[in-house]
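Hello,

Here is the structure I promised to pass on. My notes follow below it.

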Amino acid sequence: MTIRLRVLRDPSRTRLFVALCGSIGIGELLVMLLMAQLPPLPLWGDALLGAALLMGVLFPILYFLVFRPLTTDIRKHEQGDKSLREFEAQLRATLDSTMDGILAVDSEGRVLHTNRRFAELWRIPPPLAERGDDRALLEFVLDQLVDPGAFLAKVEALYGSDETGTDTLYFKDGRVFERFSVPMYVEGARRGRVWSFRDVTERRRAERALQESEHLFRESQRVAQLGSYRLDVVADTWKSSEVMDQIFGIDAEYERTVHGWLDLVHPDDRAMMQQYFEREVLGDHRPFDKEYRIVRKADGDVRRVHGLGALSFDDAGRLLNMTGTIQDITERKRAEFEREVMHDIAQAVAASSNLDELLRLMHHSLQRVFEAENCFVALHDPKTGLFGFPYFADQHDSLPAPSAMTKSCTAYVFRSGKPVLVTPAVARQLREQHETELVGSPSRSWMGVPLRTPSGTIGVLVLQDYETENIYTERDLAFLASVGSQVAVVIERKLAEESLRSSERKLREAQRVARVGSWELDLASGSMIWSESLSRMVGRDPHQPAPAYADLHRYYTPESWQRIATTVEAATKGARFELDLEAIREEGGHWWQTVRGEAVRSPLGEVVGLHGTVLDITERRQAEQAAAVFEAQLQQAQKMETVGRLAGGVAHDFNNMLAVILGHVELALSRVDSEQPLHEDLTSIQKAATRSADLTRQLLAYARRQAIVPKLLDLDATVPAVLAMLRRLLGENVGLMWRPAEDLWPVSVDQSQVDQLLTNLCVNARDAIDGIGTVRIATANCIIDAQFCAMHADAVPGEFVRLSVADDGRGMSGDVLAHLFEPFFTTKGVGAGTGLGLATVYGTVRQNNGFITVASAPGQGTTFDVYFPRHAGQIESAGQAPEAAGPSPRGDETILLVEDEPSLLRMTARALEARGYHVLCADGPGEAIRLAEAFAGEIDLLLTDVLMPEMNGRDLAETLVHAHTHLKYLFMSGFSENVSLGREPRSDGAHFIAKPFTIAALTAKVREVLDRE
């Protein structure tokens, strides 16, 4: 009943059951019909047939009760196996696709399964992986590890544990794996462990590189004193790096707002920085780029910083934030100021002949480096033992009279010969030790350095401050000592020059009183030099050149001349001589003289001339010989000074002549039509005079008295003009190569400065080459970036034109390079160089806002790279005729014109009168004073030359201004303004025009001065 009901519930089974029963019934019916036709069967046959018929009835029942469920289970099992195989395949594919290596082991440590990545990570050979030998596999794995013992210990500890495990494996070849392990459970029982391995070598390397980079960044910021920040403008707050906090001296609690930042800015810079930030950064959206001073919050120390900032904006153009850096450039600026001070002093040494001016410039320059309001120089006189004060600037005390100052700090420095930094504590200690006592007003900070020269200590240089204690540092003392060592040599030289000039005056007076003259004879040319006294004794004009040796016979009797000829021939072989001779004066009278002479030898020992003295013994022919030895040669420095003065004097006079020529040509051109042939001739004269003026400026440049006029230049067009001169300068053994750049940017610099710079560098290159060599000059356009600036202290980012001078000479060591641009530093022998050449080059470059770098090594030559800033504008072409100017300005004022050159006086007066002015002409200061006193009206302008015999133009102006209080004045000279006026220009109404000048330039300048309030 149960079976039937079960079958009938399933329609498909019902149909199958009915079909099966029908088939069996039909079968059994056929069998029974067949049996009816057969003969009767034995008993066993009937039993068998009955059983078959019974099985036919029971078969459907057995099929549905037994065989059908069994068949269904087998089919389900086969389907489950197929699904399991598919899942295993998917699982294996998944494991093989992962980047981690997977290892499954049983509880005994036997390998159950590994994926492909595991074999790749552990570099397991395929045969070993296929064998599945866990011991061989473990040995292979352990052999790769740095610490296999720790690996095994970790494995053993985890096999009997339910914990997960994570650790790091280090390989001998540098690889690093991270290992992760979890227990494997089957039906709730732990059956083993699964291990995963991940190669983190590159990640670890990247992490280490990042850490090293961050560490390097922090160290670089610390070393470079470069801090970083991010300013959120909207939120009015900023974040800063540790180095920036150290620079500002602030902590984490400091108020990081714009107002808080302004509080850190130096009070004197605060308004400027606030205006800059609001106008240029917030207003014009310019990147932040500014140098300013700050006051550290921690200690109140004043520092100089350089800030940079990049800006970010929203879609509406509003500033959102600024990210940038702050660098402490205090030391760099201090070093820059120190170099500029040394350069200024070096230039003053080269250009100044006045000790007072030099010391005043030194004091002014020192104030750029530190507090130096109170400064004095005390020089010790070894004859009297007293200290004199050639320079004294003090806020409290007045200039003291020369005194011994035996117990002063100044005397203490002089005695000890060492720089001394005196604080109140040190001052008390020195007084307690009875080394010093108070002299003058007490100061809070004091430092003094000895002025030492190779011959000894000549004095003391002192700076002091009355308000702030401990304002000076040991570094300040060291720098002052370096300045003192330089100034000391100059002071000694100036004193020696003054002593020499005094000796020369005494010598001339002595010769005049003793009636002694001196002479020199050049054997090669036969020319002679007579002293002023000898010319007067002979009766010749001292301003006329001495006669040649061949014409000397007319000043002696035949007998005396024969003795002279014989003696001179012997003297050319080195013999000295002394002769009493009968001589003949210019007017024919006879007189007696004693002539002494000796040979003059060249550095090679050859006799190149004779020199000697002449003593007038007319009235005492038989008297004893006068024992006087006269100095005939001056020191090399004195000779060069004389040549420089001669060059400046010649150029000055030549400038006057050129001014006359140019003025008359300009007057003539104004009266000649441009179509006439004469106009072209006059224009040629004007061009030639202009070129002559350029030559004069070069001569003044040699004398260091030129007026510097920067112009926009193309160095590729400027340098070739001096190559011929440089080749002559280098000589035959040194070649010169010139490599100009294409499309070179223009620069703004005085052409004479470029010539002087190239000359100095080429001379140094020539001296560095032993034998045959080459000097290479090249130009190039350069863009200087922050990386380059980080390697060179003087460099600044931007566009520059590079001028290179390279040689293949001996090269220089690092010690030499460190002092290369210091004034008076030289590697040449005594007398071979002053040590100012490269210092002048450095100053020229810095004066033009450029910088210079040097690359050199012993045996590898030297390259000087000079960088001039790029300038925009049109380059001026040399040799062009002046453009036609508009009508010259006119006037009706009264002008007092003072000029000691008559032709220039007439021309200038004529030009001014032609433009309506009333001109009073004076050929000198005395005449000018007389005209001014006699003139009843008001003199509106004094137009005067500066260098004149009676008094200079500055003194003349100061004399006349007392009587003419509204007098304006205009100075004119062929020298530069500073050299001509003998002092720095003053902002008191004084004006200056350089000779030679054109009439148009002069009248325009006159009008400008007259119209100025």
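The charged end of Arg193 sits over the ring of Trp195, 5.9 Å from the ring centre. Keep in mind that this is a predicted model.

Trp122 is in the loop between α4 and α5, and Phe177 is in strand β4, so the pair ties together parts 55 residues apart in sequence. Trp122 and Phe177 are both buried.

Trp261 and Tyr292 have centres 5.9 Å apart and planes at 85 degrees, so they too are edge-to-face. Trp261 is in helix α10 and Tyr292 in strand β8, 31 residues apart. Both are buried.

Now the sheet. Five strands form an open, antiparallel sheet in the order β12-β11-β15-β14-β13. β12 and β13 stand at the edges with a single partner strand each, so one side of each has no neighbour in the sheet. The twist averages 20 degrees from one strand to the next.

β14 and β15 pair over 9 bridges. Val449 has Leu461 in β15 as its bridge partner.

Helix α13 packs on the sheet, touching β11, β12 and β15, with its direction at about 50 degrees to that of β12. Helix α14 lies across β11, β12, β13, β14 and β15, and runs at about 140 degrees to β15.

Best wishes

Key: Residues numbered from 1 in each chain as written. Predicted model: local features only at pLDDT ≥ 70, side-chain atom pairs only at ≥ 80, totals over all residues. Heavy atoms only, no water. Pairing = 2+ DSSP bridges. Helix = DSSP H or I, 4+ residues; strand = E, 2+ residues; numbered from the N terminus. Axes fitted to C-alpha atoms, helices over the stretch in contact; angles between N-to-C directions. Contact = heavy atoms within 4.5 Å. Buried < 20%, exposed > 50% of the residue type's maximum accessible area, 1.4 Å probe, protein only. Phe/Tyr/Trp six-rings, centres within 6.5 Å; stacked < 30°, edge-to-face > 60°. Lys NZ or Arg CZ within 6 Å of the ring centre and 35° of its normal.
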